[in-house]
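Visitor: I'd like a close look at one part of this protein's surface. Please pick a spot and walk me through it.

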Amino acid sequence: MFNLIKMDLRRLTRTKSFWIMIAVVVLMAAMSVYMTDVARNLQQDYYAESGGFFVAVEAQSEWAGKIDFSKLISIDTTGMTLALLCAIFVPLFVNAEQKNGYIKNIAGQLPNRSALVLSKLVAVAVQVLVIFATYILSMAILGKIFWGADLGLESVGGFAKMVSLHYLLHVSFATVIMALTIFLRGSGLAMTYGILASSTMTSLVYALVDTLLHKCGISDKFSVGNYAIENCIGIVSPDLAGKDLARVLVVGITFLVAFAAAAMAVMQKRDVK
C-alpha cells in the first residue's frame, strides 16, 4: 500500500497538469488580490471625496482600512473557485492511469484492487492540499506586497477552523469527482459535473427535487440542497457554529467515505481495461 501511494504521488508531481494547476492557482490569487486592491482604492477615493463619510451600503466600505486575511480567503473558497480547480484537475490525474494503461499493468499484481482507490484518494487529498497551500501562501505574499501592515488576521483560531472545514469539504468534493471518473472510465462527464456543481447550476436540480418532495408531504423546511457539498462550502466561515457546523462536518465525512467505498467496490469487482 505504501508503495502504491508513493507511485501515485510520484505520478502526480510528474504530470504537466500538476504544474499547470499550481501556475493557475498563483494566477488566480494574483487576480483576486489585484481586484481587491482596485476596489479598495476606489473606496478610499470615495471616502476622501465625501468628506470622510460613507453613504452606507456595506460593500462600499468592505475593503476600507484594515483587511482581514480570513475574509480575503473566504471569498474565493466559498465562491467555489478552488472547487472549480478540483473539478478540472482531479479527473485529469485520476483518468491518466487508465488512459496510459498504467492501471492495467499493476492491477493484476494486486490481490485487493481496491487499494488502487485508496492510494489514489491519498494522492487526490495531497493535490487538494497543494491547491490550498499554494493559494493561501500566494494570497499572503501578494497581500503583504500590496497592503503591508493593513493586512492582518483577526482570529487565528477562526481562520484555522475555516480552512480545515474547507479542506475537508474540498477533499470530499474531489473524492466524488474521483469516484465518478472511475465509475465512468473517463474524465469528461466527471469534469462536467464538477464544473456545473462549482457554478452552483446543480441548485436547479435540488430545487426541482425539493418541489417534488414537498408535494409528497415532506416539510417545506427540508431542502436537499442543504446537504449538498457545494452548498455547504458556500456557508463556511470563521464564525460557523452549532447545527450548521455539525451539518458541514457530517456532509463532508459522509460523502468522502461513501464515494470512496463505492469506488473501491467498483474497482474490486470489474474487469480492468
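Guide: Before we zoom in, what share of the contacts in the protein between residues at least 6 apart in sequence join residues at least 24 apart? It's 78%, where a contact means heavy atoms within 4.5 Å. Bear in mind that this is a predicted model, with local features needing pLDDT of at least 70, side-chain atom pairs counting only at pLDDT 80 or more, and totals for chains, interfaces and linings using all residues. Numbering runs from 1 along each chain as its sequence is written, and side-chain values use heavy atoms, leaving out hydrogens and water.

Along the sequence you'll read α-α-β-α-α-α-α-β-α-α-α-α-α, which comes to eleven helices and two strands (DSSP runs numbered from the N terminus: H or I of at least four residues, E of at least two). Of the 273 residues, 45% are buried, meaning under 20% relative accessible area. The accessible surface is about 13800 Å², with 67% belonging to carbon and sulfur atoms (Shrake-Rupley, 1.4 Å probe; for residues, only the protein chains shown count as cover).

Now for the spot itself: Tyr34, Met35, Leu137, Ile141, Ile145 and Phe146 make a nonpolar surface patch of about 660 Å². Patch members have over 30% relative accessible area and no salt bridge, with nonpolar side chains joined within 5 Å and like charges within 9 Å; a salt bridge puts a Lys or Arg side-chain nitrogen within 4 Å of an Asp or Glu carboxyl oxygen. Helices α2 (16–49) and α6 (114–147) each bring at least two residues to the patch, and α6 gives the most, with four. Take Tyr34, which sits in α2: its relative accessible area is 47%, so Tyr34 counts as partly exposed, the band between buried and exposed (over 50%).

Note on methods. Buried means under 20% relative accessible area, exposed over 50%, partly exposed in between (1.4 Å probe, protein chains only).
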